[in-house]
Amino acid sequence: VVSARRLPAVLVLAGGASNRFWPLEDKPFFPFAGVCLLERHVRMLAALGCERFVVVVRPGLEGRAIEVARSAGAAAATIVKQDDALGMAGAVLAARFALESLGEVPLYVTQAQDVVEPSLHEAMLIGAPSAFGTIAAARVKSHFPGGYLVVEGERIAGIVEKPAPGSEPSDLVNLVAHYFASWRPFADAVAAAYAEAAADDAYERALAALMKREAFRPLVYEGRWQALKYPWHVLDVADMLMDQWRRGRETLPEGYEVREDGVIMGRDVRIFPGSHVVAPALIGHGAVIGHNALVRGSMVGARSVVGFGSEVARSYLGEGVELHHNYVGDSVMADGTSMGFGGTTANYRLDGRTVPSTIAGARIDSGREKLGTVIGAGAKLGVNTSIMPGVKIGAGAIIGPNLRINRDVPGGARVLDDDEYGRF
Amino acid sequence: VVSARRLPAVLVLAGGASNRFWPLEDKPFFPFAGVCLLERHVRMLAALGCERFVVVVRPGLEGRAIEVARSAGAAAATIVKQDDALGMAGAVLAARFALESLGEVPLYVTQAQDVVEPSLHEAMLIGAPSAFGTIAAARVKSHFPGGYLVVEGERIAGIVEKPAPGSEPSDLVNLVAHYFASWRPFADAVAAAYAEAAADDAYERALAALMKREAFRPLVYEGRWQALKYPWHVLDVADMLMDQWRRGRETLPEGYEVREDGVIMGRDVRIFPGSHVVAPALIGHGAVIGHNALVRGSMVGARSVVGFGSEVARSYLGEGVELHHNYVGDSVMADGTSMGFGGTTANYRLDGRTVPSTIAGARIDSGREKLGTVIGAGAKLGVNTSIMPGVKIGAGAIIGPNLRINRDVPGGARVLDDDEYGRF
Amino acid sequence: VVSARRLPAVLVLAGGASNRFWPLEDKPFFPFAGVCLLERHVRMLAALGCERFVVVVRPGLEGRAIEVARSAGAAAATIVKQDDALGMAGAVLAARFALESLGEVPLYVTQAQDVVEPSLHEAMLIGAPSAFGTIAAARVKSHFPGGYLVVEGERIAGIVEKPAPGSEPSDLVNLVAHYFASWRPFADAVAAAYAEAAADDAYERALAALMKREAFRPLVYEGRWQALKYPWHVLDVADMLMDQWRRGRETLPEGYEVREDGVIMGRDVRIFPGSHVVAPALIGHGAVIGHNALVRGSMVGARSVVGFGSEVARSYLGEGVELHHNYVGDSVMADGTSMGFGGTTANYRLDGRTVPSTIAGARIDSGREKLGTVIGAGAKLGVNTSIMPGVKIGAGAIIGPNLRINRDVPGGARVLDDDEYGRF
């Protein structure tokens, strides 16, 4: 590793409530081929030479975070829990004590659930412009609901949060990959902003204040990036990671190999006659692809069974998922879920409109022409049951046979008729 | 083309309301492998040397008729619209003005939706007996609800419409392929009969009157013929045409080839591994046969997708039809229709009786042991929905998921529960 | 055949009401690959040299029993009908007149629906210990609800019926394979016990009385045995017989051959491309395995059709069964039954508990983690209909489409909605 600038401590923001990720949980810990996003993130940075990590997680996840950091090869990692949910500023404040112990070092602030290619971090750590602060920015071609950089000459003069379409100050959108030549002025600015108003935008206000005193430069990132915000973003991340692995741009997870046809294959996989696995696809360790099944554009977790006659298209299956003659399209099924024979995900509206979904109580448009379901861990569906596009099933729910599910089902619910969740 | 008799003008009856053809429309314009029956009809006669055509269509279809006649290679075609629905006599009257302009020529009266082999027309135009009139007749082995010829010596003495079974005057049934040595006495007779009583049987009364004055002889046709009356007759016509094409008895539609196994294959077809196409079958240009699908005894229209795990048996799919893991058996799906995963056509009654259907408000017996559904253009069906035998779906209808449809659904209807159409 | 002891007359108990076998009928006459259990039983004993058979059947089955005994190669068979249902003692009493005509011979009492390997009978007839009576006994490793032998030295001192778990007097369970050096003392003891009390246990009381006067010795049988009591035992018997045939331990039914891969294949079977038959499996004469179907661990009866895309796993299909894109798992479908497209047997409870079923009005635990359905002869199921685990369908029932069946359906019922049998 050639270090063109002083290697920073890394502050990894991996907290937050993941409400909008329901029925999935804990975005930074969400696994792809056995590796969660936090692990991948730390591993990427450790491979570039970073040694000191401060990882902020929500209470209860400290133990898992320690294991993950260790497994990812972090030389030294401090795990900090963030008690309240007040976003990035709260996370920085929570991390302050840990930062103090590191002395006067540069700081690289990142977010585990923002999935980017390693080249972004490499550029930020090695090739970034010399300035007090460097802000990674993605060049966007159409409007994006994020923070736009205001660029004056070589400097960033400010960030405009979610401008109206048409009034964007640039085509550069702020990514949470922020380099500060010293952590203390940054942390002080955050503390000041937070003291002023303990609101959601304290981190952004701190940046704005700092930009008045110090030089900030943008580093434009041209690679892929995908934030894990809504649960269907799992599909985009899986797609991106399979692409990275297939092209050899990132180290394959342990025990995986890329077949000649581009399929990424785990150990001890059993593929039965008459089945088809079409790249891009990843088949986890010990998984079973039954007779006459079809897997394409999908990630199948370890020990999952894609039984006879099933089709899995553009979907994510966690570990130990059991299918039997189903169609799973544009859908996410978390660990330990199952569908009985003939159960299916409807993934396309008959009226052809993009698929809406209910997120934290509000109806939003996913923007996807095809979107199936998202099923929380351990939920089980009966035979010949259909889930409507964009409808989600909570963890541990039990859904009976021959039903149609047209509304989100809470975790642990037991649904045996169409009365409550099947209405149109 | 050897012309043993003077080549006639051809009057093509292509009007009529097609009520009994619902939810399909406009029988003469119904396409098979991109060629509608009217086009095939005109093309066949043009190939035998006929040059002058008068085509009677219902109002609104004049433009399409012109295009079709041109595309079929008619040297000169006059399109006539028939305002009222009073059957064949009305059509002849409507055509009179056009006939006048042709001068004193023989006339060959035919019907586009009566599908016969080219040999019938060849015999009528070249080898027919010399007489004022020649009536094509099919020899039938069992009772048929049509007009039976009364034959005396070499002459036809009359036609008995729909005699009771057992009292048929012969085994020869009148086909609408009538040659008259001159059009004028025929048209005059029709006008006289119509003036006498503007009823449905005016054409037949005109023939009866003419037969008293002029010699009529039968020309017995031993080939296949199939009238397109009820919508499921599309299946019989498709079957007949595939047979003609496969045996090389008729020119293949443009761009098609017969594979060694007898399958008629269009251009740019994609056939995925594990699928099976079994002759007789025709796969239209740009169609997709997905993994592990089965097509047999069926015609699949251009750009249709027979998705993963679907079976299409003895059926007709129009253009742009989308299937996904369905069974379509003994059924007709018009252009732009689709079925969600697991949707199916029930095509066999559990009591084993022949399948009834509702035609123009009346319950009739189709006489078929196996009959699935007929789906009008653009209708879309949800996942895991079943259509009962003989039940039809109107154009543009939207049918929700996990339903059973046991009654005809009107065009444009939106069906989301079993209350109205699912009762038994 | 070397006969180490005097060859006995054989009393075959093949009566009884088969109530608990519903919706299947007449256990001794239940066929496997065209051979019913009674035929197999008599054939096995005839092959060992037995010539005289007395077969007790319930009224109405005498004719079938004669045919079966003849077909099985019994040199001399007397068929006796048992009018009342009073178990084994009643059967012995009914047989007395027939036994008298045989003179003073030893007697071997057996039961046709207890399926054992031929080695048991061989041991009983040739290698059994010398004593007045020999009782075959299975050594069990865990508690079994049967009669346990009380063994004192080399003698059987008694039989304890259904002892509480933990208080079994031995690990030897009484099988109905009882040898008596002379039939008369045995029959007298049964008559005396019956006279004392015409109750269900008269046979057992007779044995107990005899054991006080005569020496009885156990013959321990280490092979497989399977009583046909509940209808799902058909699956165990089918499994056992396929194993016997495959290993060459029993003569294959007429016309069958074992393929190199272990599949037992009948005559004139048609196997379509893309289908898979995985041993253990037996495919009956004239059966059809459609495109892309899968059969494994199953017996498929003669002339059955396993249509396109169906899966039959660990199941028994009788003769002339018709499937079309179904899943039949851990299920029994009797002769002439059928399922429409997409119909399925749910064979696993979503709560993971062993599957209960209703037997003669009482709810019992089958002890099976996977159990589908049992369908009586001639019953027909509509498309996309699901049968819940352990639920049974009576002979001749008609079940409509898109239903879920969660309660046993009586024979001949016509079920068109979920109201009565679909409730949860």
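Here is a walk through this structure, from the way its chains are arranged down to two single residues. Keep in mind as you look around that the model is predicted.

Let's start with the chains. Now try chain A on chain C: here the rotation is 120°, the shift along the axis is 0.0 Å, and the RMSD is 0.1 Å.

Next, zoom in on the place where chain A meets chain B. How many residues of each chain are in contact there? Chain A brings 25 residues and chain B brings 20. On chain A's side, three residues stand out: His276(A), Leu350(A) and Arg404(A) supply 39% of the area that chain A buries against chain B, more than any other three residues.

What about polar links across this interface? There are 13 residue pairs in polar contact between chain A and chain B, while the count of salt bridges is zero. If you sort the residues on chain A's side by type, you get nine nonpolar, 14 polar and two charged.

Now let's step inside chain B and find Ala137(B), which is part of strand S8, residues 133-139. Is Ala137(B) buried or exposed? Its relative accessibility is 0%, so it counts as buried. Look around Ala137(B) and, beyond its close neighbours in sequence (up to four places away), you'll see that it touches Leu149(B), Leu172(B), Val173(B), Leu175(B), Leu219(B), Val220(B) and Tyr221(B). For a sense of distance, hop over to Asn402(B): it is 265 residues from Ala137(B) in sequence and 49 Å away in space, C-alpha to C-alpha.

Our last stop is Thr110(C), in strand S6 of chain C, which covers residues 107-111. Thr110(C) is buried because its relative accessible area is 0%. Which side chain does the side chain of Thr110(C) make a polar contact with? The partner is the side chain of His41(C), at 2.7 Å. Setting aside neighbours within four places in sequence, the residues in contact with Thr110(C) also include Val10(C), Leu11(C), Leu45(C), His121(C) and Val176(C).

Conventions. Residues numbered from 1 in each chain as written. Chains lettered and ligands numbered in written order. Predicted model: local features only at pLDDT ≥ 70, side-chain atom pairs only at ≥ 80, totals over all residues. Heavy atoms only, no water. Helix = DSSP H or I, 4+ residues; strand = E, 2+ residues; numbered from the N terminus. Buried < 20%, exposed > 50% of the residue type's maximum accessible area, 1.4 Å probe, protein only. Contact = heavy atoms within 4.5 Å. Buried area = accessible area lost by both parts, 1.4 Å probe. Salt bridge = Lys/Arg side-chain N within 4 Å of Asp/Glu carboxyl O. Polar contact = N/O pair within 3.5 Å; in protein donor to acceptor, adjacent residues only side chain to side chain. Nonpolar A, V, L, I, M, F, W, Y, C, P; charged D, E, K, R; others polar. Least-squares fit on C-alpha atoms with pLDDT ≥ 70 in both.
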